[in-house]
Amino acid sequence: MSKLIQLKNGDPRPSSTDRLRLFGMRFDPYSMGLRLIMRSKGLDFDFYSIKMSDRPGFLRELNPNGQIPILEHGDTSVYETVIIYEYLEDVFVEKPMRSSDPAKRAMDRIFIHEIYTHLAPAIKAIMGGLDAKHLLDQLRRVENRLSKQGSNYFGGNQPNYVDYMVWSWLELIPALKRAFKLSFELPRGSFSHMWAWIGRMDKEPVINAERKASRVNAEIRSRFFKSVADGKPNYMVGLE
């Protein structure tokens, strides 16, 4: 059974164990993508949600940059989202989340790089003011890839790591719209493949299990984003 533990400045580093641990934050999309992948792979892990505005000092012992997410596995600490994912694939091989075809694996890695380089910043920028055209241009990357691929998921007939990493960012948009009272809409006609994919992903058992375990839904996430905009991030929202 995976556990959720909150940590802040002054809290001691958890004692050593062979148990798999992920240090991140409930509302952080990088952490969420990894949690979805770990749940899909059937891994049992503890998730430590960090209060990033008052982070514990020991975090730099795990990552000199003091950033999340961080995976701790016995004496091994791994950071950077894609590197963590690749470590999980290399160590926990029972349920692979990537293609066995080298060319497809390469295309997936290129696509995730584009998502993190272009789409993720466009979504984060919503908090500073919506640029609808720029956001739609970046979302077009998702629509075009799904249209070209012609399958239900980026992984083919079922989600793979790409689906979960992309979903962890797209799920932020409704909460950001709600928090900042935005009228932005994704056109259904010109984004038909993406809308169909969203409908399928929203029903995935792994995604609903993650929402329940992290105690996060669209309303709670929007309350968090509003607290960030107000300059007082409430990392405990939904846990009261």
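Is Phe58 buried or exposed in this predicted model? Phe58 is buried, with a relative accessible area of 6%, where buried denotes under 20% relative accessible area, exposed over 50% and partly exposed the range in between (1.4 Å probe, protein chains only). The model is predicted, and local features were required to have pLDDT of at least 70, side-chain atom pairs pLDDT 80 or more, whereas totals for chains, interfaces and linings use all residues. Residues are numbered from 1 along each chain as its sequence is written, and side-chain values use heavy atoms, with hydrogens and water left out.

Aromatic pairs were searched for in the whole structure, and 11 were found; rings of Phe, Tyr and Trp (its six-membered ring) pair if their centres lie within 6.5 Å, with planes under 30 degrees apart counted as stacked, over 60 as edge-to-face and the rest as tilted. Phe58 pairs with Phe23: the ring centres are 6.1 Å apart and the planes lie at 70°, so the arrangement is edge-to-face. Because Phe23 belongs to strand β2 and Phe58 to the loop between β3 (45-50) and α2 (59-62), the pair ties together parts that are 35 residues apart in sequence. Helices (H or I, at least four residues) and strands (E, at least two) are DSSP runs, numbered from the N terminus. Phe23 is likewise buried, at a relative accessible area of 0%.

A further edge-to-face pair is formed by Phe154 and Trp197, at 5.5 Å centre to centre and 65° between the planes. Phe154 lies in the loop between α5 (132-149) and α6, and Trp197 in helix α8 (residues 192-202), so this pair ties together parts 43 residues apart in sequence. Both Phe154 and Trp197 are buried.

The charged end of Arg145 sits over the ring of Phe111, 4.9 Å from its centre, and Arg200 lies over the face of Tyr153 at 5.9 Å from the ring centre.

In helix α3 (residues 81-91), the buried residues are Thr81, Ile84, Tyr85, Tyr87, Leu88 and Glu89. These residues pack against several elements, including β2 (20-24), α1 (29-40), α4 (102-124) and α6 (161-170). In helix α10 (residues 218-229), Ser227 counts as buried because its relative accessibility is 10%. Leaving aside residues up to four places away in sequence, Ser227 touches Lys232, Pro233 and Asn234 (contact: heavy atoms within 4.5 Å).

Pockets were located on a 1 Å grid over the protein atoms alone, a pocket being an open set of points where a 1.4 Å probe fits, with protein on both sides within 12 Å along at least five of seven lines; lining residues have an atom within 4 Å of a point. The largest pocket has a volume of about 440 Å³, the volume being the space filled by probe spheres set on the points, which are joined across faces, edges and corners. Its lining comprises 19 residues, of which Met25, Phe27, Asp28, Pro29 and Lys124 lie nearest the centre. Helix α10 supplies the largest share of this lining, three residues.

The second largest pocket holds about 370 Å³ of space. Of its 19 lining residues, Leu170, Ile173, Pro174, Trp195 and Ile198 are the closest to the centre. Helix α8 gives the most to this lining, with five residues.

Definitions and conventions
A charge sits over a ring if NZ of Lys or CZ of Arg is within 6 Å of the ring centre and within 35 degrees of the ring normal.
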